[in-house]
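Me: I would like to learn how to read the features of a two-chain model. Please take me through one, term by term.

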Amino acid sequence: MTLAVAILGSAFATPADKEPSVIVKAAFAKEFSTIKDVKWEAADAEGVYQAQFTFNNESLQAYFTEEGEFLGTTRLISVSRLPVLAANTLARKYAGYHIVSVYEHSMTESVAYYITVSDAKGGLMLKATGNGELTVYKRFKQ
Amino acid sequence: MKKIIAGLVLGSMLLVNTAFANANDNVNEKVAAAFKHEFVQAKEVSWQKTDNYFRAVFKLNDDILTAYFSEEGDLMGVVRNLLSTELPINLQTSLKREYAAYWITDLFEFAKKDVSGYFITLENADQRITLQSNDGRTWNSYLRTKK
């Protein structure tokens, strides 16, 4: 599954044709044992389920393959919740931009932050790491 | 990597316990310039100084941060206190799974140049443990002491 699928998953997810298998539900229970109220959807990638639920009073999406492999989570966060180095790089390099949204994307092997910013010319999706690396992931035309 | 981080954190802890003198009017030009370069949008800055370090406490994105500088203007590290709900999700779920019987007594994010991570101190009736995470995904044991 591409990163974009996970990040945009909540926007393009559709109701799942069928309930996820016992294997998928068991994988979810293993990761989020205290969560009982889950809404399942089909992510914008074949064979990937998106679980929508509330965790610590925040809306969260978790992604699983049909085989029960846990792919990661996404959540919308405020810019103040970015790691210090990432927030500081953003403030230095994109001071004149409006911040549209910030998503934390926690995968099993890494954590990344996707920040959408805009100005009069258009928009950018930036990818940041906890160590302050900030790169342009995608460009949007106005 | 571990040595760098451990050095930074231990250094920070030592700095916290060191007597600071108010230095708002005595920050040298190198330190002032380095701070301005590093934290463009900082507000409400107050300075303190020990024999060897300057400490700046300031507001950035509505958070209170503490940054440490050498007299030469080198950024030694930045520390930000956090709530557990502000941790990356993987670290939150790990705490819920593995340390549900503990309570949190300290939690902060640290950063230095291109190195960052989290330290959390947990306690139960019998012991105090400090965990660190350098990758935002997993906790590693850093210190464990019996009460």
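Me: What does the secondary structure of chain A come to?

Reply: Helices (H or I, at least four residues) and strands (E, at least two) are DSSP runs, numbered from the N terminus. Chain A has 3 helices and 9 strands, in the sequence order α-β-α-β-β-β-β-α-β-β-β-β. For chain B the count is 3 helices and 9 strands, and its elements run α-β-α-β-β-β-β-α-β-β-β-β from the N terminus on. This is a predicted model, in which local features need pLDDT of at least 70 and side-chain atom pairs count only at pLDDT 80 or more, while totals for chains, interfaces and linings use all residues. Residues are numbered from 1 along each chain as its sequence is written, and chains are lettered from A and ligands numbered from 1 in the order in which they are written.

Me: How are strand pairs read, and how many bridges join S2(A) to S3(A)?

Reply: Two strands pair if DSSP finds at least two bridges between them. Strand S2 (residues 39–42) and strand S3 (residues 48–55) of chain A run antiparallel and are joined by 4 bridges. A:Glu41 is opposite A:Gln50 in S3(A). The two strands form a hairpin with 5 residues between them, and A:Gly47 in the turn has a positive phi of about 75°.

Me: Is A:Lys30 buried or exposed?

Reply: A residue is buried if 20 or more other C-beta atoms lie within 10 Å of its own, exposed if 12 or fewer, and partly exposed in between, with C-beta atoms placed from the backbone. A:Lys30 is exposed because 11 other C-beta atoms lie within 10 Å. A:Lys30 is in helix H2 (residues 22–31) of chain A. Of the 142 residues of chain A, 33% count as buried; of the 147 residues of chain B, 29% do.

Me: Which residues touch the most other members of the largest nonpolar core?

Reply: A nonpolar core is a set of buried Ala, Val, Leu, Ile, Met, Phe, Trp, Tyr and Cys residues joined through C-beta atoms within 7 Å. The largest has 41 residues, of which A:Tyr113, A:Ile115, A:Ala128, B:Ala67 and B:Phe69 touch the most other members. Strand S7 (residues 111–119) of chain A gives the largest share, 6 residues. Apart from this core lies another of 13 residues, including A:Phe28 and B:Ile89.

Me: How many residues does each chain give to the contact?

Reply: Two residues are in contact if their C-beta atoms, placed from the backbone, lie within 7 Å. Chain A gives 25 residues and chain B 26 residues. On the side of chain A, strand S5 (70–77), helix H3 (84–93) and strand S6 (98–107) each give two or more residues, and H3(A) gives the most, with 6 residues. That side divides into 10 nonpolar, 10 polar and 5 charged residues. Here Ala, Val, Leu, Ile, Met, Phe, Trp, Tyr, Cys and Pro count as nonpolar, Asp, Glu, Lys and Arg as charged, and the others, Gly among them, as polar.
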